[in-house]
Amino acid sequence: MNLIRRPRRSRQSAAIRDMVQETRLSVTDFILPVFIMEGQNVRSEVASMPGIHRFSLDLLLDEIQECVDLGIKTFDLFPNLPESKKDKYATESYNPDGLYLQAIRAIKDRFPDVMVMTDVAMDPYSSDGHDGIVENGKILNDPTLEVLGKMALAQAQAGANIVGPSDMMDGRVGYLRQVLDEGGFHEVAIMSYSAKYASAFYGPFRDALDSAPKFGDKKTYQMNPANSREALIEAQLDFAEGADFLMVKPALAYLDIIKLLNDNFHLPIAAYNVSGEYAMIKAAAQNGWLDGERAMMEALMSIKRAGASVILTYFAKEAARLL
Ligand code: PBG
């Protein structure tokens, strides 16, 4: 056959395939989310996330050392708290002697070059299991800001480098930027959860933190999975309010949203490859139904190809070993 264009020419050997490869993953793309808990010498596996553990502070530092040796430089912290520390107003979130702020200080103290990202939302500290203050069954938008401001400021004082407002309510980025700047923390960045969907894929994360809502769901604040144009409005607001990164969450079922934001905004786009996305691949691999390593690398590659330059993923450590 007389074909002028034969795309297979560029696939005929490993050398040429490598040369024309369009997207490359690097360990510097990754942020590893880590779960912390009280106690000493505790390393407790999350049942629905094989290979992922909640660490007490002492063991957390060893874990971070291992990750740093693999080239991972940024960690996003989430606390698992006993019910006794939770209340309606998430007051534990800005307790200077509390687990979370202690963890930030301990990490920055031992690893000054590591970047600590923090979560700015009420749910791990809320006795209602919601991301905001609850009154008469409603999740309040504006009154919750005061709690988030105290939380973010306390985290910045403890040494946080990036704060991640994750409640998907209105006016978060602008308010936090102002609070941080007034506190003298101009250098603390904001990674906004711009398009975070009300997703079934967060199930294992809520197991990890025992943070499932005590009533109802999160549909009055997280986005409807059916919508993409609305993601542009959310991203526009976050951009205008001063976000340094725009995040899409989950990642794999929302690759079109990652591309949409990357095409429309000149900010780094982050994607959160969430707990359920991790659990699916792990479960199938454990059953021998697919090759777990290859599925992991393909999933991560697809997130980057779609336009995310930062990937929050529980696979970070495993992928770093392969890269
Ligand atoms: C809520 C929050 C969630 C995750 C991180 N922060 C989900 C939720 O309960 O709404 C999920 C992360 C994951 O599933 O890996 N502030």
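Me: Why is arginine 5 called exposed in this model?
Reply: This is a predicted model, and in it arginine 5 has a relative accessibility of 72%. Exposed means over 50%, so at 72% arginine 5 counts as exposed. You can find arginine 5 in the segment before α1 (14–19).

Me: What makes up the positive surface patch that includes Arg5?
Reply: The patch is formed by Arg5, Arg6, Arg8, Arg9 and Arg11. Arg counts as positive, so a patch built from these residues is a positive one.

Me: How do you know that serine 275 is buried?
Reply: Its relative accessibility is 1%. Buried means under 20%, so serine 275 falls in that class. Serine 275 sits in helix α9 (residues 275–286).

Me: Which residues does serine 275 touch, leaving out those up to four places away in sequence?
Reply: Serine 275 touches Met49, Phe201, Tyr202, Gly203, Pro204, Phe205 and Tyr314. Contact means heavy atoms within 4.5 Å, so each residue on that list meets this limit.

Me: Is serine 302 buried or exposed?
Reply: Serine 302 is at 10% relative accessibility. The limit for buried is under 20%, so serine 302 counts as buried. Look for serine 302 in helix α10 (residues 292–306). Setting aside neighbours within four places in sequence, serine 302 is in contact with Leu252 and Leu255.

Me: Why is the pair of lysine 86 and glutamate 83 called a salt bridge?
Reply: Side chains of opposite charge can pair when their charged atoms come close. The closest N and O atoms of lysine 86 and glutamate 83 are 3.4 Å apart. The cut-off is within 4 Å, so this pair qualifies as a salt bridge.

Me: How accessible are the two partners, lysine 86 and glutamate 83?
Reply: Lysine 86 is at 8% relative accessibility and therefore counts as buried. Glutamate 83 is at 44%, which lies between 20% and 50%, so glutamate 83 counts as partly exposed.

Me: What makes lysine 218 and aspartate 123 a salt bridge?
Reply: Their N to O distance is 3.7 Å, and the limit is within 4 Å, so the pair passes. This pair links distant parts of the chain, 95 residues apart. Lysine 218 is in the loop between α6 (203–209) and α7 (229–241), and aspartate 123 is in the loop between β5 (115–120) and β6 (134–135). Both lysine 218 and aspartate 123 are buried.

Me: Which parts of the chain does the salt bridge of aspartate 244 and arginine 177 tie together?
Reply: Let's take the distance, then the places. The side chains of aspartate 244 and arginine 177 meet in a salt bridge at 4.0 Å, N to O. Aspartate 244 lies in the loop between α7 and β10 (245–249) and arginine 177 in helix α5 (residues 172–182), so the bridge ties together parts 67 residues apart in sequence. Aspartate 244 has a relative accessible area of 30% and is therefore partly exposed, while arginine 177, at 14%, is buried.

Me: How many salt bridges does a search of the whole structure find?
Reply: The search finds 15 salt bridges.

Me: How do you know that aspartate 76 lacks a salt bridge?
Reply: The nearest side chain of opposite charge belongs to lysine 249, and it is 7.2 Å away. Aspartate 76 has no salt bridge, yet it is buried. Aspartate 76 is found in strand β4 (residues 74–80). Residues it touches, beyond four places away in sequence, include Ile31, Met117, Tyr193 and Leu312.

Me: What makes aspartate 210 partly exposed?
Reply: Aspartate 210 has a relative accessible area of 45%. That value lies between 20% and 50%, so aspartate 210 is partly exposed. Aspartate 210 lies in the loop between α6 and α7, and its phi is also a positive value, near 50°.

Definitions and conventions. Residues numbered from 1 in each chain as written. Predicted model: local features only at pLDDT ≥ 70, side-chain atom pairs only at ≥ 80, totals over all residues. Heavy atoms only, no water. Patch = residues over 30% accessible without salt bridge, like charges linked within 9 Å, V, L, I, M, F, W, Y side chains within 5 Å. Areas by Shrake-Rupley, 256 points an atom, 1.4 Å probe, with all protein chains shown as cover. Charge placed at Lys NZ, Arg CZ, Asp CG, Glu CD. Helix = DSSP H or I, 4+ residues; strand = E, 2+ residues; numbered from the N terminus. Buried < 20%, exposed > 50% of the residue type's maximum accessible area, 1.4 Å probe, protein only.
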